[in-house]
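Dear colleague,

I am passing on the structure below, together with some notes on what came out of going through it. Please read the notes with the coordinates open beside them.

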Amino acid sequence: MSAPAPTAPQDAELAPVTAESLSALLVSTERPPRPSGWATSMAFGRRAVLKIKHVPEQLFDVTAFPIMMVLMYTYLFGGALAGSPTEYLQGLLPGILVMSIVMITMYTGVAVNIDIDKGVFDRFRTLPIWRPSPMVGYLLGDMLRYAIGSAVMLTVGLIMGFRPEGGVTGVLAGVALLIVFSFCFSWVWTMFGLLLRTEKSVMGVSMMVLFPLTFLSNIFVDPATMPGWLQAFVHNSPVTHLTSAVRGLMAGDWPADEIAWSLGWAGAICVVFGTVTMRLYNRK
């Protein structure tokens with residue numbers, strides 16, 4: 001009696017995996033839906049926030065620096081310009097708030113430049129996502145920094161004697177307008193972050209623009225005390241319109257003209273520099 005013939009292992013009955021069969025399997029499998037532009041922008045915004053979590057020193061410019069500015073300008077110039085530091089603080093704090101938040105918008109361009117230098121942007125550009133998502137994500141993450149800086153300055157101001165007649169509503173409206181303007185204004189620095197080679201050059205160019213733009217305004221003094229040729233520049237500066245709008249809202253007024261000018265400047269800056277930034281980004 002002969003022994004039964006050995007049977008082939010069960011795995012041998014399976015067809016070998018080839019490139020053609022694997023390709024057919026991938027094609028037949030339903031792919032997940034492509035993420036929306038909002039979802040990808042929020043993901044990059046979360047990445048920007050995680051950077052702050054792991055490197056909390058980044059918050060120095062929105063905490064210690066604004067506090068120093070408020071204390072220094074209030075007690076140095078308050079008595080000379082308004083008769084008392086408390087009286088000067090009522091008009092100064094909204095202006096210093098605008099100045100501090102507008103000045104820290106430059107760090108958006110610095111962060112963009114650092115990621116380009118490290119090669120991270122090369123990876124971003126290969127992802128199947130909405131093209132502006134990385135840029136918008138930076139700006140969304142920075143909005144948290146603007147909110148933190150505003151909260152710190154207002155808290156210090158209230159301790160020092162700042163009393164906004166507009167109440168909570170006026171303060172929140174002023175801060176919201178400032179954050180919207182800063183979001184749009186940050187597109188200027190994303191452009192410089194893509195154009196310039198190093199983060200130091202981005203900071204240098206940013207300060208050359210920001211210092212005259214913020215100091216040549218109505219933040220510290222009434223423009224009526226300035227020479228006529230300088231008044232023409234100050235009265236048409238976007239920072240002057242923004243400061244007047246925020247100051248008016250916190251004082252309990254509704255400066256419709258200044259709010260309209262501020263939003264108009266913000267929209268124009270966003271359209272012009274956002275378009276230029278994305279063209280540079282696509283060609284980088």
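Contact, as the word is used in this message, means heavy atoms within 4.5 Å. Please also keep in mind that this is a predicted model.

With that cut-off, and leaving aside neighbours within four places in sequence, S237 is in contact with L213 and L216. S237 sits in the loop between helix 10 and helix 11, and its relative accessibility is 2%, so it counts as buried, the limit for that being under 20%. S237 also caps the N-terminal end of helix 11, with a side-chain oxygen that lies 3.3 Å from the backbone nitrogen of V239.

Helix 11 itself covers residues 238–250, and its 13 residues, at 1.5 Å a residue, should span 18 Å, which agrees with the 18 Å between its end C-alpha atoms. Because 12 of the 13 residues are buried, helix 11 is largely enclosed by the rest of the structure; among the buried ones are P238, H241, T243 and M250. What covers these buried residues includes helix 4 (85–103), helix 7 (133–160) and helix 8 (167–195), as well as helix 9 (199–215), helix 10 (228–235) and helix 12 (256–283). After helix 11 comes G252, whose phi is positive, near 95 degrees.

Turning to the nonpolar side chains, the largest nonpolar core has 64 residues, and of these I96 and F185 touch the most other members. Helix 8 gives the most to this core, with 15 residues. If residues up to four places away in sequence are not counted, I96 touches M69, V70, Y73, M153, I219 and F220.

Helix 8 is also mostly covered, since 21 of its 29 residues are buried. Those 29 residues, at 1.5 Å a residue, should span 42 Å, and the end C-alpha atoms of helix 8 are 43 Å apart, which agrees.

Finally, which residues does I269 touch, once its neighbours within four places in sequence are left aside? I269, which lies in helix 12, is in contact with C184, F185, V188 and G274. I269 has a relative accessibility of 9% and therefore counts as buried. From I269 to S186 the separation in sequence is 83 residues, while their C-alpha atoms are 9.0 Å apart in space.

With best regards

Definitions and conventions. Residues are numbered from 1 along each chain as its sequence is written. This is a predicted model: local features need pLDDT of at least 70, side-chain atom pairs count only at pLDDT 80 or more; totals for chains, interfaces and linings use all residues. Side-chain values use heavy atoms; hydrogens and water are left out. Helices (H or I, at least four residues) and strands (E, at least two) are DSSP runs, numbered from the N terminus. The expected span of a helix is 1.5 Å times one less than its number of residues. Buried means under 20% relative accessible area, exposed over 50%, partly exposed in between (1.4 Å probe, protein chains only). A polar contact is a pair of N or O atoms within 3.5 Å; within protein, one must be able to donate a hydrogen and the other to accept it, and residues adjacent in sequence count only if both atoms are side-chain atoms. A nonpolar core is a set of buried Ala, Val, Leu, Ile, Met, Phe, Trp, Tyr and Cys residues joined through side-chain atoms within 4.5 Å.
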